[in-house]
Amino acid sequence: MQKNGYDPKQFEPGKILAIISREKGNFVSSSEYVERASGDYFGNIVAKVWQDYEIILKKENALDFDDLLLVAAKLLQNESVRKFYGEKWKYIHIDEYQDTNKVQYKIVEAITRDHQNICAVGDVDQNIYTWRNASIKNILNFEKDYKNAKLVVLEENYRSTKTILEVANKIIEKNKLRMERKLTTKNAVGEKVSLFEALTENHEAQFVVEKVKELQKSGADLSEIAVLYRANFQSRVLEEEFLVKNIPYQVLGTRFFDRKEIKDILAFLRFCLNPESISDLKRIINVPPRGIGKITLLKIVEGKEKELPAGMKIKIDAFRNLLRKIKNFAITNPPSKTIFFIAKEVGLNENLEKTDEGIERIENIKELSALAKKYDEIYNEENGAKNWEDGIEKLLEETSLASDQDSDKKEREGVRLMTVHASKGLEFAYIFVTGLEEGLFPHERDENLSEEEAEEERRLFYVAVTRAKKKLFLSYAQTRTIFGSRGVNIPSEFVLEIPDEFLEQEFLDYTPKHKPLIHIEF
């Protein structure tokens with residue numbers, strides 16, 4: 001990128017690499033992309049970077065991960081190569097066929113073209129990776145591609161109760177892009193699906209933890225319980241409640257306070273209050289990349305800045321000005337606003353929006369701001385004025401304690417917390433599916449989605465439901481603080497579509513998370 005004069009701060013390398021990866025998965029080469037990108041400003045940038053990237057790979061005699069597939073597919077276009085491997089591999093067996101992309105499809109088609117000896121196992125209703133280029137068309141068109149294929153429909157389920165499967169069938173039957181089938185089982189009817197309407201996200205978390213405690217008392221193993229959510233930021237409230245009630249848990253993936261963007265924001269806050277913190281300086285001095293290397297950092301720490309070149313001194317001065325700006329804002333504004341201010345001034349939002357996981361990471365930053373909101377009303381005991389610096393210190397204290405408690409629990413068995421995507425392929429006796437509200441699950445999506453993409457949210461809920469063996473708990477909150485503002489929610493369409501005969505309502509008195517400022521006895 002630097003060779004072509006592109007500033008990494010303006011054009012995020014991760015975003016460009018993600019586009020290159022996606023195009024390779026769609027069986028597109030760099031030369032083909034160059035032709036297609038003609039006339040498109042950002043497309044031309046990607047094209048130039050891709051071409052130079054290919055030159056570097058060739059010099060190093062290397063292939064990246066996507067090349068392993070793309071180059072193989074291109075080689076198989078040579079008839080002699082195709083025939084050689086077609087004769088060498090006469091029987092092809094593919095699992096999770098619904099998750100294959102275009103280039104994988106091309107490889108399989110070339111190898112099996114002559115003998116047609118292929119066995120593909122897949123579930124069209126579990127295609128939940130279109131964002132990774134998985135194409136549902138591969139499995140839907142299988143019988144067209146292989147005329148003599150024998151279709152074996154596997155409808156008997158050995159995992160779940162009859163009730164859980166009835167709910168799953170009712171949900172997924174509304175999708176149009178699927179093969180007609182209905183799951184059945186010889187298992188018991190089982191318990192009804194529990195539905196809980198919470199007042200807030202904290203009330204929902206309290207319900208989940210109370211139910212977990214009940215299950216534990218009845219003899220259930222905590223490792224047989226999983227709590228699922230649509231977006232990673234939802235884990236924060238749940239983790240907090242499990243910590244408060246001292247229930248062991250494990251987050252499959254990265255715990256909220258261990259996520260990079262959260263650590264970065266908190267490091268900026270800490271360093272502004274304590275400029276002597278070398279560990280925080282190390283973390284933030286190049287977030288996002290600003291061209292300050294390890295040698296420069298060492299000279300700063302050793303007090304040898306005078307030895308730095310003039311250009312580097314300008315970068316250091318700009319960094320210090322940024323820190324002053326953040327500190328001045330932090331002591332004159334609520335902590336929740338300071339979180340957003342840091343993300344904006346540092347350029348985190350701008351850079352994250354250009355990466356594949358960027359939207360999710362931005363949601364995590366907004367959730368941190370929602371957590372900080374409870375420290376917006378910290379008052380000075382002497383004069384009664386709002387003291388936002390104290391609020392930030394209390395926020396940092398809480399997040400530090402939460403992180404320490406997380407570390408203590410890492411090796412312990414416990415309840416599993418994870419996104420629905422992460423739960424695919426797993427099973428648990430007891431499943432909680434949280435946050436079933438319109439805009440959250442199903443997730444708010446672009447209006448210009450294809451039918452395939454639009455139906456993916458329903459497939460995702462189907463995957464969540466079918467993780468449960470014995471008992472399924474569904475919950476939603478009437479109001480939820482998302483990104484610092486509290487909104488009133490409509491229950492998810494998925495919940496409304498479940499027939500009442502399969503549901504039982506759950507109730508739990510709400511205990512406010514924080515004590516009132518003034519208690520009046522009557």
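1. Basis. The model is predicted, so local features need pLDDT of at least 70 and side-chain atom pairs count only at pLDDT 80 or more, while totals for chains, interfaces and linings use all residues. Residues are numbered from 1 along each chain as its sequence is written, and side-chain values use heavy atoms, with hydrogens and water left out.

2. Overall dimensions. The C-alpha atoms of the chain fill a box of roughly 85 × 70 × 40 Å along the principal axes. The chain holds 23 helices and eleven strands (DSSP runs numbered from the N terminus: H or I of at least four residues for helices, E of at least two for strands). Of its 522 residues, 49% count as buried (buried is under 20% relative accessible area, exposed is over 50%, partly exposed is in between, with a 1.4 Å probe and protein chains only).

3. Surface and contacts. Among contacts between residues at least 6 apart in sequence, 77% join residues at least 24 apart (contact means heavy atoms within 4.5 Å).

4. Helices α2 and α3. The axes of α2 (residues 30-37) and α3 (residues 41-59) come within 9 Å and cross at roughly 160 degrees (axes are lines fitted to C-alpha atoms, for helices over the stretch in contact, and angles run from 0 to 180 degrees between N-to-C directions). That angle makes α2 roughly antiparallel to α3 (under 35 degrees is roughly parallel, over 145 roughly antiparallel, 65 to 115 roughly perpendicular, and the rest oblique). The crossing of α2 past α3 is left-handed (the near helix is turned anticlockwise from the far one by less than a right angle; clockwise is right-handed). On the α2 side the contact is made by Ser30, Tyr33, Val34 and Ala37, and on the α3 side by Gly43, Asn44, Val46, Ala47, Trp50, Gln51 and Glu54. By class, these residues of the α2 contact with α3 divide into six nonpolar, four polar and one charged (Ala, Val, Leu, Ile, Met, Phe, Trp, Tyr, Cys and Pro are nonpolar; Asp, Glu, Lys and Arg are charged; the others, Gly among them, are polar).

5. Helices α12 and α18. Helix α12 (residues 260-273) packs on helix α18 (residues 358-372) at an angle of about 45 degrees, with the axes 9 Å apart. This makes α12 oblique to α18, and α12 passes α18 in a right-handed crossing. Lys260, Glu261, Ile262, Ile265 and Leu266 of α12 meet Arg361, Asn364, Ile365 and Leu368 of α18. The contact of α12 with α18 has five nonpolar, one polar and three charged residues.

6. Cis peptide bonds. Most residues other than glycine have a negative phi, and most peptide bonds are trans. A cis peptide bond joins Val287 and Pro288, with omega about -10 degrees; Pro288 sits in the loop between α13 (278-284) and α14 (294-301). Another cis bond joins Phe441 and Pro442, with omega about 15 degrees; Pro442 belongs to the loop between β7 (428-433) and α21 (451-454).

7. Positive phi. Phe27, in the loop between α1 (13-25) and α2, has a phi near 70 degrees. Phe27 counts as buried at 11% relative accessibility. Glu96, in the loop between β1 (92-94) and α6 (102-112), has a positive phi of about 50 degrees. Glu96 counts as partly exposed at 37%.

8. Lys471. This residue of strand β8 (residues 468-477) is buried, with a relative accessible area of 3%. Beyond residues up to four places away in sequence, Lys471 touches, among others, Glu191, Lys192, Tyr430 and Glu504.

9. Leu183 lies in the loop between α9 (162-172) and β3 (193-198) and is buried at 10%. Leaving aside neighbours within four places in sequence, its contacts include Leu154, Leu165 and Tyr462. Val244, in helix α11 (residues 235-244), is exposed at 55%. The C-alpha atoms of Val244 and Pro13, 231 residues apart along the chain, are separated by 40 Å.
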